[in-house]
Amino acid sequence: LKVAQWASFALTLAVLIVMCRGMFGWLVGSVFNEPREDMAHGWFIPIFTVVLFWVKRYELRRVAGLPSPAALLLALPGIALFFIGALGDQLRFMLVASIWLIWIALYVTWGWRLAKESIFAVAFLLFTMPMSFLDFFTVKLRMLIAALAATLLNGLGIVVVRTGTGLFCQAGGGFNLDIADPCSGMRSIFALTALTAGYAYLTQKTLRGKWLLFLCAIPLAMLGNLARIFSIALVATAFG
């Protein structure tokens, strides 16, 4: 039975890989290698997923059970979403559907207990999703970082005038600094949330601890970006 289970799961993955080859080409060619997508960390997501399965291999082996054919019904929404994405050239839909179908394949092959233990490892693949559809947040982040940096600098006695995302100062060497799109902090947020999610899952014992650490990723990324802008402004004030 174990050989048959592994064979059926491998066949399912092979079919998915063939069906998703266009999506994989999009991720590799137009997302992970495209600076504007801020997804350079995407290469490491599938690797980390494999590592998670390896780390939990003994526990997964212990909870692996008999096949659950009834779980095939749960594959229907994923199949529908996949073909909607394929027909409409919506590759994000195809990506979500593929991840869902991988988890359903685990469920069908080895039962609910193993599927439950695999939820995070499979869901972690969602971090390969390009977040360029959130670009409208970059302006708000730029404005927020500019306002906070100006407040800190003025609090130190370095008179700074903020106009939109620009910081203008005539003190010391003076500087004109604009917080452009690449400095919005979105890249840091995307990468740090993925890193924090994996770290929290491996190190925290309670669900509350995992969520608390994960939710800290966004403010930490924003603070890091603020520190970067603030330090640039200090250097510009001192040296021009």
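**Briefing: aromatic pairs and overall build**

Phe82 is buried, with a relative accessible area of 4% (buried means under 20%, exposed over 50%, partly exposed in between, with a 1.4 Å probe and protein chains only). The model is predicted: local features need pLDDT of at least 70, side-chain atom pairs count only at pLDDT 80 or more, and totals for chains, interfaces and linings use all residues. Residues are numbered from 1 along each chain as its sequence is written, and side-chain values use heavy atoms, without hydrogens and water.

**Aromatic pairs**
- The whole structure holds 13 aromatic pairs (Phe, Tyr and Trp rings, the six-membered one for Trp, with centres within 6.5 Å; planes under 30 degrees apart are stacked, over 60 edge-to-face, the rest tilted).
- Phe82 and Phe83 form an edge-to-face pair, because their ring centres are 5.7 Å apart and their planes stand at 80°.
- Phe83 is partly exposed, at 44% relative accessible area.
- Phe120 and Tyr201 are stacked, since their ring centres lie 4.1 Å apart with planes at 10°.
- Phe120 belongs to helix 8 (residues 119–123) and Tyr201 to helix 10 (residues 186–203), so this pair ties together parts 81 residues apart in sequence (helices are DSSP runs of H or I with at least four residues, strands runs of E with at least two, numbered from the N terminus).
- Tyr201 is buried at 17% relative accessible area, while Phe120 is partly exposed at 22%.
- Phe48, Phe120, Phe124, Phe127 and Tyr201 are linked by ring pairs into a cluster.

**Overall build**
- The protein has 12 helices and three strands.
- Of its 240 residues, 38% count as buried.
- Its C-alpha atoms fill a box of roughly 75 × 40 × 25 Å along the principal axes.
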